Amino acid sequence: MSRLSPQCRFPSLAMSVAIVLLAACGTSETSAPAPRSAERAESSRPAVAPVVSDPRPVVVAFGDSLTAGQRVGRSETYPAFLQREFDKRGMSFRVVNEGISGDTTAVALSRIDAAIAHQPQWVILALGANDGLRGLPLDAMEGNLREIIGLFGRAGASVVLAGMKLPRNYGPEYVSDFDAVYPRLAEELDLPLIPFLLENVAMVPELNNADGIHPNAMGNEIIARQVARAFEEFLPD
């Protein structure tokens, strides 16, 4: 299956919505520095591929609490709804949720072997929110994302990059630099880009939990519908 065209993108949110943080923490984990590839390979146990009877190509949703599903049941996460959307649309994929609340890009990089063990054909990469919320260095965040993308690519997976947004009160320079990471990586690495994972869900009270950050079941269903529609547009017939 060919790679997605980087030209196929979701329309941007209205500026009034895009200025809010919509990315999400979920735990009080502290960020660990990203291990170098060689060190990670030497210190990690080999990941064992799970035994499954479903032969469909795997789509791994790799992210933080927005992917794991904060304050919703496992069946109400966006990856769970995405599986239903794929099934309804006759798209033969098996969706695997590899989201962990609180993950920074560095922490996610350290656990990537477990995601690669699923032998994904596609990966929806939605990370960076927690880096931004904690004010971590953006060059390190970008480097971690680039390494994650490279590791998935070398394992034979195509990556769809999902962007995040930060609140404007984090400072105009930091926010501007954060916003620029995702389109720059997508352009540089020829990746399809979802500019903002929470398109049409952010800042809509009835679509979010009481924390105002994490989507509820209705919000996750909308996210899944948008991601499935994007796949329909991106994938060749």
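This is a predicted model: local features need pLDDT of at least 70, side-chain atom pairs count only at pLDDT 80 or more; totals for chains, interfaces and linings use all residues.
## A walk from the loops to the core

Asparagine 200 lies in the loop between strand 5 (193-194) and helix 10 (217-234).

### Two residues with positive phi

Most residues other than glycine have a negative phi. Asparagine 200 has a positive phi near 65°, and arginine 71, which is not a glycine either, has a positive phi of about 65°. Arginine 71 sits in the loop between helix 3 (65-68) and helix 4 (78-88). The table puts the two side by side.

| Residue | Phi | Relative accessibility |
|---|---|---|
| Arginine 71 | about 65° | 59%, exposed |
| Asparagine 200 | near 65° | 46%, partly exposed |

Exposed here means over 50% relative accessible area. Arginine 71, at 59%, therefore counts as exposed, while asparagine 200, at 46%, counts as partly exposed.

### Helix 10

Follow the chain to helix 10, where asparagine 216 caps the N-terminal end. A side-chain oxygen of asparagine 216 lies 3.1 Å from the backbone nitrogen of methionine 218. The 18 residues of helix 10 should span 26 Å at 1.5 Å a residue, and its end C-alpha atoms are 26 Å apart, so the two values agree.

Which elements do the buried residues of helix 10 pack against? They pack against strand 1 (58-63), helix 3, helix 4, strand 3, strand 4 and strand 5. Among these buried residues are Gly219, Ile223, Val227 and Phe231.

Strand 4 (residues 158-162) is largely enclosed by the rest of the structure, because five of its five residues are buried. Ser158, Val160 and Ala162 cover one side, and Val159 and Leu161 the other.

Strand 4 has partners too. Strand 3 (residues 122-126) runs parallel to strand 4 and is joined to it by four bridges; in one of the pairings, valine 123 has valine 159 as its bridge partner. Strand 5 also pairs with strand 4 in the parallel sense, over two bridges, and there alanine 162 stands opposite isoleucine 194. Together with helix 9 (residues 172-189), strand 4 and strand 5 make a right-handed β-α-β unit.

### The nonpolar core

In soluble globular proteins, nonpolar side chains tend to be buried together. The largest nonpolar core here has 61 residues, of which Phe62, Leu197 and Phe231 touch the most other members. Leaving out residues up to four places away in sequence, phenylalanine 231 touches Val59, Phe86, Met91, Phe93, Trp122, Ile124 and Val160.

How values were computed. Residues are numbered from 1 along each chain as its sequence is written. Side-chain values use heavy atoms; hydrogens and water are left out. Buried means under 20% relative accessible area, exposed over 50%, partly exposed in between (1.4 Å probe, protein chains only). A nonpolar core is a set of buried Ala, Val, Leu, Ile, Met, Phe, Trp, Tyr and Cys residues joined through side-chain atoms within 4.5 Å. Contact means heavy atoms within 4.5 Å. Two strands pair if DSSP finds at least two bridges between them. A crossover is right-handed if, with the strands pointing away from the viewer, the path from the first strand over the helix to the second runs clockwise. The expected span of a helix is 1.5 Å times one less than its number of residues. A polar contact is a pair of N or O atoms within 3.5 Å; within protein, one must be able to donate a hydrogen and the other to accept it, and residues adjacent in sequence count only if both atoms are side-chain atoms.
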